[in-house]
Amino acid sequence: MRIPIETFRLPNGLFVTLSQDHTAPIVAVNLWYHVGSANEPPGRTGFAHLFEHMLFQGSADVDANEHFELVQRAGGTLNGSTWLERTNYFETVPSNQLELALWLEANRMGKLLPAMTQQKLDTQRDVVMNERRWSMDNQPYGTWMEKLPALCFPPEHPFHHSLMGSMEDLTAASLNDVAQFFATYYTPDNAVLSVAGDFDQSEARRLIELHFGSIPRGKGKPALPDMSLPPVFGQWKREVVPDDIMLPRLFLAFRSPAFGTKEYYAASVCGAILGVRNGSRLRRRLVRERQVAADASAFTYDLAKGSDLLVVDVTARPGVPAEQLEQEVADEIDVMVRDGIEPADVERAVALIQTSFVSAMQQAGERADRISLFATYFGRPEMVNEELGHYEAVTSDRVNEFIRERLGENNRASLLYIPRDDAAVELVGVDAAAGAR
Amino acid sequence: MTSATSSKAARPAPGPPREYHFPRFERRRLDNGIELVVAPVAKVPLVTVAVLSDAGAVCDRPGQEGLAQLVAKLLLEGTINSDGAELAERFERLGASIDAAADWDSSSVTMTALSEHLSASFDLLGEVMRTPAFRVREVERLKGERLAELLQLRAEPRGLADELFSRFLYAPSSRFAHSEGGDERSVAAIDREQILSFYQARYVPGGATVIVTGDITADRAEELTRRALTGWSGSAPSRIVADDVPARFERAVHVIAKSDAPQSELRIGHVGIPRNHPDFFAVNVMNAVLGGLFNSRINLNLREVHGYTYGAFSGYEWRRQAGPFVVSTAVKSDITDAAAREVLAEIDRIRTEPIAAEELSLATSYLDGVFPIRFETTASIAAALAVLVIQGLPEDYYDRYRQRVRAVTVDEILNAAQNYLHPNAMQMIVVGDPSAVAPSLDKLGFGPVTLYDTLGHPSA
């Protein structure tokens, strides 16, 4: 499977990728700005994400909430998301509505500020605070999203602080911050525009030049500090979090090679061996055989700057104390460090990765997003066609090398959630008894 | 909201739409009774296979709730040839992703594999359907995992609100009043004998449909199905019809205590209508206007006007018998009553005033236009065909869908709102801090307020 990609750059610096597929009359428009929570100034945690909300509040020629209305009226789906290193905005629309999607993105890239008001900012601040409560504060284990990066990156590192932001910093955000952030980061030379699906190449190019061509280039953005870190933590970092939960849960993180490097692919395969689907090591050993875990999985953050994180996520079975859970997981990792993995483990992991890649690439939106990712981080959208080759080239020797270098006790960070009070423990007893009847 | 002024630039007009039709599919009946539905879509080298059985949670007998889901999950936990670990390994070495689940009306085993591995994966899928082992060790492990899930639910406000909403909505005699996956008592009581007899009665070719979508021809799909499922026998089991009687016909407020919760999980609704209802399209479009879209009345009111929530939506859950209609949101504790009042006002408004023509056209042009985007993947096409089969929809349902959406009128929306929204039978479920929400909900005057613990038992 080869995804066709054409690229060009507008004089104002906007990098454009086009990927045609005429199977269905659908087209995806996908815009990545190379700014995320890592770029937030001190005292403004959560601002990149709050700003993402403001981009749906209209622009010079679009009323509040009209962006959503116009796209949905056109029969399209849309959203945006904020991550540590980037913010993206995307629509999938019927192919005859391509120009509308491009026009909307261009209007807010070029003329956002006239539409910004204090009232809109106040409302979106309330919405985001409710999003924080919904996804983190009122959700069991929800705070892991900000506690894990805080544990794994040193305090001065741009990946350390909370993406969702503190209530205090969200409260402090002003319209002036909105104007500053917009002028600094939401410029064509800090963005990648990808179009994927059913469109005519020259017509798309004409429309992009028409709508984006006159937006002025930015004045440059402040450089991020040096993001590089030693290959290992240098110790076993530990944090215990009492929470309103019933079962202990462990997030065990390892510092790992940055996304996109050759070494990253070995780390990613190692993650799949450990915790992707039922046949993975941790599921087989801890869920199926030892029956000490209710669930187990593993994933990478896919951070492209400095270093990445490989994370193992394991929830205890009722009756298994937190300390035992942590010990059982550590024992499995130790076995892996001691004995290594086999070529068959790599084959299983790579076969699953191949299927899920091809499966995801069926969707125009996913194709555009993946192309934007490689274009934004590396300036090389064609890396989307090299990914599977990198995975297929991973050998058990390379995974074992990664395991020896990165899974040792000097490179572990445990974030261990424990039930806050004895009430939960008593309930465990009650239910275990019910189960035995 | 301000109206667009003349100083604003004109929006680009759409070009001529390109024609689209739902993927063509073919039905065949095999000798052993299997119904085969194949939709060839040659886009990427990928195939999805779904085996549907008439073995949904509505088949659970009283006291055995959870059996249907347990049986479905156990199919992937070992065959006579391979234990669970080995079976997972065999699928995954082929890169095949496979999942088994039972919802209310049906069970499904769904597999997606690259074309080059389809033949071997399909054979393995056949082994799963024909020769599951149901080893006691795996039975007990999955029962334990369900108990862990139930325990987790006690501390998870969203899931707890959904779960208890159904319990308070339906009469205790209804299967729908009990958790799809069963509760502590019913799951603990399930044994291997019951599992085996459920499997033997309901996992039979006479009652099964095999859906194949993607990079494949109908002939090849038939050949692979025959080979994989040869020797599987049995005729269709009797159809079980769920009882969908409501628990009560007057309003009530049920507060589930989660002290110090910063947010209230709010559910407001009542028993809805069955999927195969003549007014389905009018009800569906009415719901899109009320709370089905981002720009629906409820979400714009609660989120964009008041900033009460991250999101608020309404929906009908479609089953063969009447599933719930529910408005769902999570709001800051201290404005729970105000948010509930806005939801109720929106329900009243859509029942008393005709909606504006622009509201209707927003909903219908969205549902019409988004149609092709819903079917980009082999898995989503298989899921759509599964709905067709399970709900007994007409063969041309997807071909006529867009036309029928566009035909819905303002009057039909008003009728649908008046006939299928029942303000006087609404139940309100709140998972939240009782000291912060109970007094103000009492003052709201919606209905009697009762407090419960997280197991759903009334508080002393």
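Start by selecting F254(A) and L310(A): in this predicted model, L310(A), in strand 10 of chain A, is the bridge partner of F254(A). Now widen the selection to strand 8 (residues 249-257) and strand 10 (residues 307-316) of chain A; these two strands run antiparallel and are joined by 9 bridges.

To find your place in the pairing, pick F251(A), which stands opposite L415(A) in strand 11 of chain A. Is strand 8 of chain A mostly covered or mostly open? It is mostly covered, with 9 of its 9 residues buried.

Next, colour chain A by pLDDT. The average is 95, and 96% of the residues score at least 70. Then select residues 423-437 of chain A, where pLDDT stays under 50. The model has 23 contacts beyond four places in sequence for this stretch. Where pLDDT is low, the predicted coordinates should not be read in detail.

Now bring in chain B and look at where the two chains meet. The contact takes 68 residues from chain A and 68 residues from chain B. On the chain A side, the elements that give two or more residues include helix 2 (66-73), strand 5 (87-94), helix 3 (98-110) and helix 4 (118-137). Helix 10 (281-289), helix 12 (343-360) and helix 16 (422-436) of chain A are also among them. Colour that side by residue class and you will find 27 nonpolar, 22 polar and 19 charged residues.

Leaving out residues up to four places away in sequence, E69(A) touches N295(B) and L362(B). E69(A) counts as buried because 20 other C-beta atoms lie within 10 Å, and 20 or more is the cut-off for that label.

Step back to N65(A), in the loop between helix 1 (47-54) and helix 2 of chain A. Check the backbone here: phi of N65(A) is near 65 degrees, a positive value in a residue other than glycine. Most residues other than glycine have a negative phi. N65(A) is partly exposed, with 19 other C-beta atoms within 10 Å.

Select D260(B), in the loop between strand 7 and strand 8 of chain B; its phi is about 65 degrees, although D260(B) is not a glycine. D260(B) is exposed, having 11 other C-beta atoms within 10 Å.

From that loop, move on to the sheet of chain B. In what order do its 6 strands lie? The order is 9-10-8-11-7-12, in an open sheet with mixed pairing. Strand 9 (309-316) and strand 12 (449-452) stand at the edges, each with a single partner strand, so one side of each is left without a neighbour in the sheet. On average, neighbouring strands here are turned by 15 degrees against each other, direction ignored.

Zoom in on strand 8 (residues 263-271) and strand 11 (residues 427-432) of chain B, which pair in the antiparallel sense over 5 bridges. Within that pair, E265(B) stands opposite V431(B) in strand 11.

Finish with the helices on this sheet. Helix 10 (residues 297-305) of chain B packs on the sheet, touching strand 9 and strand 10, and its direction makes about 165 degrees with that of strand 9 of chain B. Helix 5 (residues 157-169) of chain B lies across strand 7 (252-257), strand 8, strand 10 (324-332) and strand 11 of chain B, running at about 150 degrees to strand 11.

Technical notes
Residues are numbered from 1 along each chain as its sequence is written. Chains are lettered from A and ligands numbered from 1 in the order in which they are written. This is a predicted model: local features need pLDDT of at least 70, side-chain atom pairs count only at pLDDT 80 or more; totals for chains, interfaces and linings use all residues. Two strands pair if DSSP finds at least two bridges between them. Helices (H or I, at least four residues) and strands (E, at least two) are DSSP runs, numbered from the N terminus. Axes are lines fitted to C-alpha atoms, for helices over the stretch in contact, and angles run from 0 to 180 degrees between N-to-C directions. Two residues are in contact if their C-beta atoms, placed from the backbone, lie within 7 Å. A residue is buried if 20 or more other C-beta atoms lie within 10 Å of its own, exposed if 12 or fewer, and partly exposed in between; C-beta atoms are placed from the backbone. pLDDT is the predictor's confidence in each residue, from 0 to 100. Ala, Val, Leu, Ile, Met, Phe, Trp, Tyr, Cys and Pro count as nonpolar, Asp, Glu, Lys and Arg as charged, and the others, Gly among them, as polar.
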